[in-house]
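This briefing is for a reader who is meeting the structure for the first time. Please look over the sequence and the model, then read the notes below.

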Amino acid sequence: DGAEYALRVRIMDLDPFAQRIRYEMHAWMWRDDRLVTKEIRGLALTFYFTEEIRLMLERAGFVDISLQADYTDAEPTRDTDFVVFVAHKPNVPAR
């Protein structure tokens, strides 16, 4: 449609101890060299390490925990974009 976009992100707060980061995101859209819209949004993220999630699943009663890379059956590596955790609870029928 001929629109042009720009996005700027900056870190507003970083707490390495809590593994949290807060961003401020600015987005612009132009059409025919005219600014059509501008938005400012906040985004807060909490980071969890793979082993932390595994321990949380175990503590919640899940067993047979396995990890898959990028929605495949492959093992995750350092280049994996998404890690999928597969687990089940004993005495709970699988779907």
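Buried means under 20% relative accessible area, exposed means over 50%, and partly exposed means in between, with a 1.4 Å probe and protein chains only. By that scale Asp-1, at 74% relative accessibility, is exposed.

The model is predicted: local features need pLDDT of at least 70, side-chain atom pairs count only at pLDDT 80 or more, and totals for chains, interfaces and linings use all residues. Residues are numbered from 1 along each chain as its sequence is written, and side-chain values use heavy atoms, with hydrogens and water left out.

**Strands and hairpins**

- Strands (E, at least two residues) and helices (H or I, at least four) are DSSP runs, numbered from the N terminus.
- Two strands pair if DSSP finds at least two bridges between them.
- Strands β1 and β2 are paired antiparallel, with eleven bridges.
- Tyr-5 has Met-29 in β2 as its bridge partner.
- Four residues lie between the strands in the hairpin of β1 and β2, where Gln-19 has a positive phi near 60 degrees.
- Strands β2 and β3 are also antiparallel, and twelve bridges join them.
- The hairpin of β2 and β3 has two residues between the strands, and in this hairpin Asp-32 has a positive phi near 55 degrees.

**Salt bridges**

- Side chains of opposite charge can pair when their charged atoms come close.
- A salt bridge is counted when a side-chain nitrogen of Lys or Arg is within 4 Å of a carboxyl oxygen of Asp or Glu.
- The model has four salt bridges by this rule, including the pairs described next.
- Arg-31 and Asp-1 form one of them, with 2.9 Å between the closest N and O atoms.
- That pair links distant parts of the chain, 30 residues apart: Arg-31 is in strand β2 (residues 20-31), and Asp-1 is in the segment before β1 (4-15).
- Arg-31 is partly exposed at 29% relative accessible area, whereas Asp-1 is exposed.
- Arg-10 and Glu-24 form a salt bridge through their side chains, at 2.8 Å from N to O.
- Because Arg-10 is in strand β1 and Glu-24 in strand β2, this pair ties together parts that are 14 residues apart in sequence.
- Arg-10 has a relative accessible area of 41% and is partly exposed, while Glu-24 is buried at 18%.
- Arg-41 and Glu-39 form a salt bridge whose closest N and O atoms are 3.1 Å apart.
- Arg-41 is exposed, with 53% relative accessibility, and Glu-39 is partly exposed, with 38%.

**His-26**

- Where does His-26 lie? His-26 is part of strand β2.
- Is His-26 buried or exposed? His-26 is buried, because its relative accessible area is 7%.
- Ile-40 in β3 stands opposite His-26.
- The His-26 side chain makes a polar contact of 2.9 Å with the side chain of Glu-24.
- A polar contact is a pair of N or O atoms within 3.5 Å; within protein, one must be able to donate a hydrogen and the other to accept it, and residues adjacent in sequence count only if both atoms are side-chain atoms.

**Aromatic pair**

- Rings of Phe, Tyr and Trp (its six-membered ring) pair if their centres lie within 6.5 Å; planes under 30 degrees apart count as stacked, over 60 as edge-to-face and the rest as tilted.
- The structure has one aromatic pair.
- This pair is formed by Tyr-71 and Phe-82 and is tilted, with 5.6 Å from centre to centre and 35 degrees between the planes.
- Tyr-71 and Phe-82 both lie in the loop between β4 (63-69) and β5 (83-88), so the pair ties together parts that are eleven residues apart in sequence.
- Tyr-71 is exposed at 62% relative accessible area, and Phe-82 is partly exposed at 47%.
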